[in-house]
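Let's take a walk through this structure together. Keep the sequence and the 3D view open as you read.

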Amino acid sequence: MQTIVAVDLGKSRCRVAVISAEGRTVRTGVGAPGLATSDGLETSFAAILLLLPKHGDISALGIGAAGAWTAPDAAAALARKLAEVTGAPTSVTSDVVTAHAGARGGASGTLLLAGTGAAALGIDADGVRLVDGWGPELGDFGSRSWIGREGIRATLRFRDGLGADTALSDALRTLIEPAADVLVWLGEEAATARRLATVAPLVIDAAEAGDDVAADIVREAIGLLTASAVAASADPEVVLHGGLTAHPWFRRELERALVSAGRTVAPAIGDAFDGAVLLTRRTDLPHERVVHRAE
């Protein structure tokens with residue numbers, strides 16, 4: 001078996017899987033801000049290159065990179081640069097696309113990502129459609145960061161006498177100790193999506209326990225995620241992926257909402273690494289229109 005390298009490049013973490021006859025080994029390093037940023041090509045190239053095995057040992061290189069969807073020119077340039085330095089045929093696409101290809105085994109359908117961020121990628125007879133994935137400032141509706149932000153807002157509104165009492169106040173106070181309040185806690189480092197996302201489990205647990213304020217937030221999050229999945233594709237099959245879907249109660253509620261919207265929740269066949277490998281081997285998949293290749 002030849003050695004294939006699959007890359008899952010995110011904004012906070014870069015994971016590289018080396019797949020050979022001996023199996024799969026994974027290396028992890030620092031991610032890159034995304035191909036759509038001003039220096040996205042250079043930082044993405046550097047993050048990947050640092051984790052690659054000896055270049056002559058690579059027979060094919062498949063990459064899913066954050067920002068590739070909105071920066072196709074940078075994605076194509078990244079493919080050329082890596083093919084030149086490794087001597088291996090290289091494919092570059094969005095990390096959402098490799099996740100979809102792996103989860104669906106290359107078939108059509110919808111992948112609903114519900115983690116720190118949120119997006120739905122649908123592929124059907126009409127084409128390829130990405131819904132949301134706009135980042136924490138403009139989108140990621142229903143994600144962990146969205147739920148965390150709404151939970152914090154609810155506690156602040158109660159503190160100011162503008163909202164209902166909620167168990168989230170005490171839960172949040174325990175989470176942020178020893179910070180004096182949530183504003184101080186957020187100010188200790190940039191109020192990133194990852195930090196906001198740490199509040200989401202408190203909101204979900206409070207909702208499951210019957211807190212009305214938290215239940216309203218979670219109900220809206222599930223509605224937003226369901227709407228994204230429905231908008232992404234007319235194909236009824238949806239695969240769920242991301243940290244939110246690991247919470248049993250939240251997953252059950254989300255699945256119930258998807259079924260009510262006429263969707264069928266299907267199990268994932270593989271992961272983003274499997275998708276990246278599949279795209280190095282196949283050029284006849286519906287994902288091909290958003291894959292950039294170089295040799």
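Before we start, here is how angles work: axes are lines fitted to C-alpha atoms, for helices over the stretch in contact, and angles run from 0 to 180 degrees between N-to-C directions. As for the names, helices (H or I, at least four residues) and strands (E, at least two) are DSSP runs, numbered from the N terminus. What you're looking at is a predicted model, where local features need pLDDT of at least 70, side-chain atom pairs count only at pLDDT 80 or more, and totals for chains, interfaces and linings use all residues. Residues are numbered from 1 along each chain as its sequence is written, and side-chain values use heavy atoms, with hydrogens and water left out.

Start with the sheets. One of them is open and has six strands, in the order E3-E2-E1-E4-E5-E11, with mixed pairing. Two strands count as paired if DSSP finds at least two bridges between them. At the edges sit E3 (23-30) and E11 (292-294), each pairing on one side only. From one strand to the next, the twist averages 15°.

Now zoom in on E1. How many of its six residues are buried? Six of the six are, so E1 is largely enclosed by the rest of the structure. (Buried means under 20% relative accessible area, exposed over 50%, and partly exposed in between, with a 1.4 Å probe and protein chains only.) Ile 4, Ala 6 and Asp 8 point one way from the strand, while Val 5, Val 7 and Leu 9 point the other way, and all are buried.

Who are the neighbours of E1? E2 pairs with E1 in the antiparallel sense over six bridges, and the two form a hairpin with three residues between them. Along that pairing, Leu 9 stands opposite Cys 14 in E2. With E4, the pairing of E1 is parallel, again over six bridges. There, Ile 4 has Ala 60 in E4 as its bridge partner. Leu 61 stands opposite Thr 90 in E5.

Helices pack on this sheet too. Helix H3 (residues 95-104) lies across E1 (4-9), E4 and E5, running at about 100° to E5. Helix H11 (residues 272-281) touches E1, E2 (13-20), E3, E4, E5 and E11, and its direction makes about 130° with that of E1. Contact here means heavy atoms within 4.5 Å.

Glu 237 stands opposite Thr 264 in E10.

Look for His 100, which is found in H3. Is His 100 buried or exposed? It is buried, with a relative accessible area of 0%. Leaving out residues up to four places away in sequence, His 100 touches several others, including Gly 105, Leu 121, Ile 123 and His 287.

Next, the helix pairs. Two packed helices are described by the angle between their axes and the distance between the axes. The axes of H4 (residues 144-159) and H5 (residues 168-176) come within 9 Å and cross at roughly 115°. That makes H4 roughly perpendicular to H5. (Angles under 35 degrees count as roughly parallel, over 145 as roughly antiparallel, 65 to 115 as roughly perpendicular and the rest as oblique.) The crossing is left-handed, meaning that the near helix is turned anticlockwise from the far one by less than a right angle; clockwise would be right-handed. Gly 151, Ile 152, Thr 155 and Phe 158 of H4 meet Leu 168, Ser 169 and Leu 172 of H5.

Finally, H9 (residues 212-232) and H10 (residues 248-260) have axes that come within 9 Å and cross at roughly 50°. That makes H9 oblique to H10, and their crossing is right-handed.
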